[in-house]
Amino acid sequence: MTDSLELVSATKSFDGWLKRYRHRSEVLGCDMIFGIYLPPQARDRSVPLLWWLSGLTCTDENFMQKAGAHRVAAELGVAIVCPDTSPRGTDLPGEHDSYDFGSGAGFYVNATRAPWNRHYRMYDYVASELPALVHEHFPLSGRQAVSGHSMGGHGALICALSNPDAYTSVSAFAPIANPVSCPWGEKAFGGYLGDDRSAWTAWDASELIRAHGTSHALLVDQGDADNFYADGQLRPEALEAACEEAGVALTLRYQPGYDHSYFFIATFIEEHLRYHARHLQT
């Protein structure tokens, strides 16, 4: 991993700074851009960190521009890092043909099927390579939490379930909670991981909880007017059943009238930030 960072942009926000950096990822074999919000407290001391993993078609910019998180993060003294959602510039065959596979749709797994396994190792990128990079270059305390939306909610759950000691807390907005049993997940996992469905369960939050449980308490918000919930893509009921079976604490809130958009995220992001801050600061 190269440790060089190229500053792409810097914007002051609520007395902190939103900065975007480009770096070379050895894990992904391409250049990547990530965004980091540094609250004003980071000028004087190290601060805890919230990872935000975004959903299908997003980049590092969607959450930073649409979620309205900076005000509360500045108050709480919490940094936020937003990675991209897939490798960029690799131009593999078929990579840009659909919104739910390839570009913008890395699904936070380590691909094992050619040609995707040459670049699509987003789990290693967000769980190992990028954390090492940001903790080297920024005033971060080492305490970190993780959250995300949709595909990124799936990623947040997978990161926390597979690395329970790495994060103080985990939450998700409308996560793809049971990807082995929904069209998005079946398409992505088949393409990235191959036809052996038994290999898919390591990347499914509901299956991981059923098999191994977790010491983390989970916070999940789901809009009940979300069309992807209605279409069976998200399957929060599978996560709920797995948590009940394994004795895992789950707060699953069905929010009346809310859809899958960033209006939904912006409405409840303050509650999630305060939830994580309580864990990060204890």
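This is a predicted model: local features need pLDDT of at least 70, side-chain atom pairs count only at pLDDT 80 or more; totals for chains, interfaces and linings use all residues.
Two residues are in contact when heavy atoms of theirs lie within 4.5 Å. Residues are numbered from 1 along each chain as its sequence is written, and side-chain values use heavy atoms, with hydrogens and water left out.

Buried here means under 20% relative accessible area, exposed means over 50%, and partly exposed is in between (1.4 Å probe, protein chains only). On that scale, 57% of the 282 residues of the chain count as buried.

As for the fold, the chain has nine helices and nine strands; these are DSSP runs (H or I, at least four residues, for helices; E, at least two, for strands), numbered from the N terminus. Along its principal axes, the C-alpha trace spans about 50 × 40 × 35 Å.

Helix α8 covers residues 236-246, and its buried members are P236, A238, L239, A242 and C243. Looking down the axis of α8, the buried residues fall within an arc of 155°, so they line one face of the helix; the arc is that of the directions from the helix axis to the C-beta atoms. They pack against α4 (151-162), α6 (205-212), β8 (218-223), α7 (227-230) and β9 (250-255). On the face turned away from that buried side sit the exposed E244 and E245. Just past α8, G247 takes a positive phi of about 70°.

Then there are the charged pairs. The structure holds 19 salt bridges, each being a side-chain nitrogen of Lys or Arg within 4 Å of a carboxyl oxygen of Asp or Glu. R22 and E6 form one of them (3.1 Å, N to O). R22 lies in strand β2 (residues 16-25) and E6 in strand β1 (residues 6-13), so this pair ties together parts 16 residues apart in sequence. R20 pairs up with D60, with the closest N and O atoms 2.7 Å apart. That bridge links strand β2 to the loop between β4 (47-53) and α1 (61-66), 40 residues apart, and both R20 and D60 are buried.
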